[in-house]
Number of protein chains: 2
Amino acid sequence: MNENRPIRATSGTNHEGTSAHNRRVIIDALRLNGALSRADLARATRLTKQTVSNIMEELENDGLVTSRETVRRGRGQPSTPYGLVPEGAFAIGLQIDRHITRAIAVDLVGNVLIRKEANLPAGGPATGTPVVLQLIEDVRAELRQRVAQAEKRLVGLGAAMPGPFGIEQEDADNPWMMGAWQRFPLLETLSAGTGLNVTLQNDAAACATAERMVGAAHGLDHAVCLYVGYGIGAGLILGGELYSGAHGNAGEIGMALLMAGGRQTQLEHRASLASLYDHLSVDPMAPDIYSLIDARAAADDPDVLAWIERAAVDLRWSVQLIETIFDPQTVILCGGAPPALATRLIAAMQPLLPSNADRPDRLLPRLQLGMTDPWAVARGAAAEPIGHAFDPRFQAILKS
Amino acid sequence: MNENRPIRATSGTNHEGTSAHNRRVIIDALRLNGALSRADLARATRLTKQTVSNIMEELENDGLVTSRETVRRGRGQPSTPYGLVPEGAFAIGLQIDRHITRAIAVDLVGNVLIRKEANLPAGGPATGTPVVLQLIEDVRAELRQRVAQAEKRLVGLGAAMPGPFGIEQEDADNPWMMGAWQRFPLLETLSAGTGLNVTLQNDAAACATAERMVGAAHGLDHAVCLYVGYGIGAGLILGGELYSGAHGNAGEIGMALLMAGGRQTQLEHRASLASLYDHLSVDPMAPDIYSLIDARAAADDPDVLAWIERAAVDLRWSVQLIETIFDPQTVILCGGAPPALATRLIAAMQPLLPSNADRPDRLLPRLQLGMTDPWAVARGAAAEPIGHAFDPRFQAILKS
DNA sequence: TCTTTTAAGTCAATTGTCTTGACTAATTTG
DNA sequence: CAAATTAGTCAAGACAATTGACTTAAAAGA
């Protein structure tokens, strides 16, 4: 018997784990369904009325739920619905992109309270970190000022930036040095600089989180968000949870190889906004680039349409690949693309390629339009700490 | 308030859920680490010694574990390790392939006790179902005869066959009519015909389950098995569990589209055993085809080598795609390919394409050889009911 | 050799959480 | 106005993990 080999095992659980899970289940049910009565919650969660009553009392004391007006529903005593209190929890979301950083504050139900952005100076983390920390502090200060209890109800900071993480790669990506950011210990730096719980994910994953919290993937357990931003990636909601892979790099579909024009290239080089900027010879650092592209797309600018036609070919392939590999309920196109562009892109992708997703029992469209909002990534980043604190998860049941 | 809308919620849990989880955690730890003492288990699972002792007594009474010889490890009272009892549970695994069906019986620790196979007559489920049911009954009868307690300890029947399921597709696949099998209510038929709990998965998923139970993915939480059989697919172990997608069709990578020789085709047409048989003009129904291919590969037959070279190109692409999309700890090549062929295929795939998997902190090879055994699919199928009955899972904690 | 230290494992009482069954309250139906 | 139905509470009970003291058995040190 080898004696010093570490023993691998899943953690056990105890009463506290049970209770924590049931609290989360109730909060989740309220988020998913809106206000519910204690009796409704008992039926939905399969807990007894009494258990639900006890937990609701606790949640009310903790300021996470409040009662609404009683409603009469046919025979029997009227029920008192309880809903989440938006001010029950807050989180800060941070997006670091090539040339800009955005920070927002959200509450428990996903309302965006504050949004601020700043230009990121060239030079990577060395010059960028102070800007980022200052931006976070600005948001936090305003939140503190607007809501007295906010600081003690701040559950964490969610950060998002383009992946992949932890790879030894060439740095062809100047002048924003995303490679330098990707190798930088951002999580530790933010954690030390703010004293908050920090999580880090790639921008596509953050977008998927946002779609799941408040967008097209709301209530779905299997959905893939095809994120078309400066780069291109996929945010994976698998089995009701965001999947990040072994090292947080799952879904980096932009690096998938495809044959186009007779040679092998990466999807990212064909169908990202970066490729559009390149095609249009516009400067990605232009401050009004979002509205500029939106306007040109809305005006059916021929150069934009040409890019759309070309990108649609490869995106159609991506959707077929995603459907084939993940078997999701739906695919959602989202990201930093302006609405006029995104709409045209989806139209140009029709008809989709045949795939396993052509099912007789389909309920949802194969491809849907998600958020086309430069703030979607930051919203998803902010949603992560809230979900982590309140959503039912296997990990949360286990002993610490 | 709309009154008849169904309320969506996760199920709550209670003491039984806690207890069930802790039992599973202990069984899982014993499977993963071999025999362990009560004190070891307490440390590994973070439960108290007392709790572990209580559960162990129960498990011993249930005939799932037994004590081994005490071992002295330095100071202190010697510990008594407990190990799983192989006869603690049994399961039957069934594979339905194009022209053959295989059934096996396995025990709790994955030993294969019985294996039987039968040719599947042409004509699909109509003629095939009786053959399959008879084969299962033969295995079951022999198991009953060999182990007196087997019948009451039979936890279920795991079935595996080529996917995808539930798709309206053309039936170009004659004469085995896999399309007909795929649309056939196999699960219900087997359940009614045997009275057992039945699960159904595709062959790649079953292979992945086998690799996780007793193969190269043992103890890994993120692994993808690239299954090269008559078709080609990927078995996905994501976050410690097999992922099947919304409709059981996740991982059907064979239907991914790629450009090859200037035209778009499916991966399956390039790199499956079917394409090899086609290339060699051999009859896939030949009974000795496995050893035939093995021998020709071992002899470096030029036709086989030519196919290997061509298939390696597309498989290399697949591995890069899998690494890019799933970010696994490792990729495992497995399936019904004979060892001589699989070894040469892996060699021909070197060097792998650059990907996110090139990490400075890599522990495992990017690509490993898994089981090359025609019975691997049946073993994985059989492992499913055992894992379902004994492995720690989120679902198992929830109230029924 | 004898005492001390360390670790495995048990015993009995306690604690935390959900469940049960009886109850009250409020409304609609006939 | 009585019966039926549903929401919700109360108090006792059941279940399973925890706690702290205890027993047992070995190694280490004096």
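Colleague: To start with one detail, which side chain meets that of Asp301(B) in a salt bridge?

Modeller: This is a predicted model, so every value here is computed. The partner of Asp301(B) is Arg296(B), with an N to O distance of 2.8 Å.

Colleague: Is Asp301(B) buried or exposed?

Modeller: Asp301(B) counts as buried, because its relative accessibility is 15% and the cut-off for buried is under 20%. Arg296(B), at 22% relative accessibility, counts as partly exposed.

Colleague: How many salt bridges are there over all chains?

Modeller: A search of the whole structure gives 38. One of them joins Arg23(A) to Asp62(A), whose closest N and O atoms are 3.1 Å apart. Arg23(A) belongs to helix α1 (residues 15-33) of chain A, whereas Asp62(A) sits in the loop between α3 (49-61) and β2 (65-67), so this pair ties together parts that are 39 residues apart in sequence. Asp62(A) is partly exposed, with a relative accessible area of 34%.

Colleague: And in chain B, what does Arg23(B) meet in a salt bridge?

Modeller: Arg23(B) pairs with Glu58(B) at 2.7 Å, N to O. Arg23(B) is in helix α1 of chain B and Glu58(B) in helix α3 (residues 49-61), which makes this a link between distant parts of the chain, 35 residues apart. Glu58(B) has a relative accessible area of 37% and is partly exposed.

Colleague: Which residues are linked in a network of salt bridges?

Modeller: In chain A, Glu137(A), Arg140(A), Arg144(A) and Glu151(A) form such a network.

Colleague: Let us turn to the interface. How many salt bridges are counted between chain B and chain A?

Modeller: The count there is zero. Polar contacts do occur between the two chains, in 33 residue pairs with both residues at pLDDT 80 or more.

Colleague: Which element of chain B gives the largest share of the side that touches chain A?

Modeller: That is α1(B), with nine residues. By class, this side of chain B has 35 nonpolar, 27 polar and 15 charged residues.

Colleague: What area is buried between the chains?

Modeller: About 6500 Å² is buried between chain B and chain A, and carbon and sulfur atoms give 58% of that area. The contact takes 77 residues from each of chain B and chain A.

Colleague: Lastly, how many helices and strands are in chain A?

Modeller: Chain A has 14 helices and 15 strands. Buried residues make up 57% of the 400 residues in chain A.

Conventions: Residues are numbered from 1 along each chain as its sequence is written. Chains are lettered from A and ligands numbered from 1 in the order in which they are written. This is a predicted model: local features need pLDDT of at least 70, side-chain atom pairs count only at pLDDT 80 or more; totals for chains, interfaces and linings use all residues. Side-chain values use heavy atoms; hydrogens and water are left out. Contact means heavy atoms within 4.5 Å. Buried area is the accessible area (1.4 Å probe) that two parts lose on being put together, summed over both. A salt bridge is a side-chain nitrogen of Lys or Arg within 4 Å of a carboxyl oxygen of Asp or Glu. A polar contact is a pair of N or O atoms within 3.5 Å; within protein, one must be able to donate a hydrogen and the other to accept it, and residues adjacent in sequence count only if both atoms are side-chain atoms. Helices (H or I, at least four residues) and strands (E, at least two) are DSSP runs, numbered from the N terminus. Ala, Val, Leu, Ile, Met, Phe, Trp, Tyr, Cys and Pro count as nonpolar, Asp, Glu, Lys and Arg as charged, and the others, Gly among them, as polar. Buried means under 20% relative accessible area, exposed over 50%, partly exposed in between (1.4 Å probe, protein chains only).
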